[in-house]
Amino acid sequence: MADATTIDIEPLGNMLDDSDEVVRIFMGREGPNTLLVNAETIDEPFALGMICVDLMKHGAMAFAQAKGIEAGDAFESIMAGLMAELQNPTDGEGEAN
């Protein structure tokens, strides 16, 4: 069983056997976030954009379940955070533009 800072994938059993790990994200408690992207597993950058939208949708559902808020409200808040970061990036490293 994973602790509160890790995601337990053991309950998924062999569901991930035919899958490739694409992204790992670590949120710094008092520092920057760390994102690792395995671009070798993705055919093209466009697909990563689609994965990001899936992440946002699943994140909204997770917040709804864990925090007792509406998934739609959570999604709107996630989208607001996305737009804020795009318009005013908080890190200077790794920027693509």
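A salt bridge is taken here as a side-chain nitrogen of Lys or Arg within 4 Å of a carboxyl oxygen of Asp or Glu. The model is predicted, so local features need pLDDT of at least 70 and side-chain atom pairs count only at pLDDT 80 or more, while totals for chains, interfaces and linings use all residues. Residues are numbered from 1 along each chain as its sequence is written, and side-chain values use heavy atoms, leaving out hydrogens and water.

Across the whole structure, one salt bridge is found. Arginine 24 and glutamate 21 meet through their side chains in a salt bridge, at 2.6 Å from N to O. Arginine 24 has a relative accessible area of 41% and is partly exposed; the term lies between buried, under 20% relative accessible area, and exposed, over 50% (1.4 Å probe, protein chains only). Glutamate 21 is also partly exposed, at 46% relative accessibility.

Helix H1 covers residues 45–67, helices being DSSP runs of H or I with at least four residues, numbered from the N terminus. Met56, Gly59, Ala60 and Ala64 are the buried residues of H1, and they pack against H2, with contact meaning heavy atoms within 4.5 Å. Glycine 68 follows H1 and has a positive phi, near 70°.

Note on methods:
Helices (H or I, at least four residues) and strands (E, at least two) are DSSP runs, numbered from the N terminus.
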